[in-house]
Amino acid sequence: MPKKPLISIVDDDDLVREATKGLMKSLGFTAEAFPSAADFLTSHHLRRTACLIADVNMPGMTGPQLHDRLMALGNAIPTILITAYPDDGIRARALSAGVICYLTKPFDEDDLLVCIRAALVRREGG
């Protein structure tokens, strides 16, 4: 039986992070959650992550910066950015840099699931 895809969530907001992790598990995925980009980057889950959900606005390293860092490291994890403060400029730059989706909090569960499916297809090279 193949392993369930690992969805990693990086968000400095405890409630959003834990709620998103719970949602991922309820949808049948394996999920891990991290309070910062640095915690994710030093995690042993980094290489196993099939899809990354990251907050745009975080102290230290932002979601877009995390995506850029992963790309620079040659670890192009399909990334979904989430934000409570939508910004068209950040959205355009992120999508042109290869981010799968840019969702505004509170996001719709179905919209997130569509993004995750697209991310997993990209991860598999589809």
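With a relative accessibility of 18%, Lys105 counts as buried, a label given here to residues under 20% relative accessible area, with exposed meaning over 50% and partly exposed the range in between, all for a 1.4 Å probe and protein chains only. The model is a predicted one, in which local features need pLDDT of at least 70 and side-chain atom pairs count only at pLDDT 80 or more, while totals for chains, interfaces and linings use all residues. Residues are numbered from 1 along each chain as its sequence is written, and side-chain values use heavy atoms, with hydrogens and water left out.

Lys105 lies in the loop between strand S5 (101-104) and helix H5 (109-123), and Asp11 in the loop between strand S1 (6-10) and helix H1 (14-26), so the pair ties together parts that are 94 residues apart in sequence; helices (H or I, at least four residues) and strands (E, at least two) are DSSP runs numbered from the N terminus. Asp11, like Lys105, is buried.

Lys105 also forms a salt bridge with Asp55, where the closest N and O atoms are 3.3 Å apart. This pair links distant parts of the chain, since Asp55 belongs to strand S3 (residues 49-55) and Lys105 to the loop between S5 and H5, 50 residues apart.

Another salt bridge, between Arg17 and Asp14, has its closest N and O atoms 2.6 Å apart. Both residues lie in helix H1, three residues apart, or about one turn of the helix. Arg17 counts as buried at 9% relative accessibility, whereas Asp14 is partly exposed at 49%.

The cysteines come next. The structure holds one disulfide, defined as a pair of cysteine sulfur atoms within 2.5 Å, and Cys101 and Cys115 form it with their sulfur atoms 2.1 Å apart. This pair links distant parts of the chain, Cys101 in strand S5 and Cys115 in helix H5, 14 residues apart. The link is left-handed, with -100° about the S-S bond. The sulfur of Cys51, by contrast, is 8.4 Å from the closest cysteine sulfur, in Cys115, which is too far for a bond.

Definitions and conventions: Salt bridge = Lys/Arg side-chain N within 4 Å of Asp/Glu carboxyl O.
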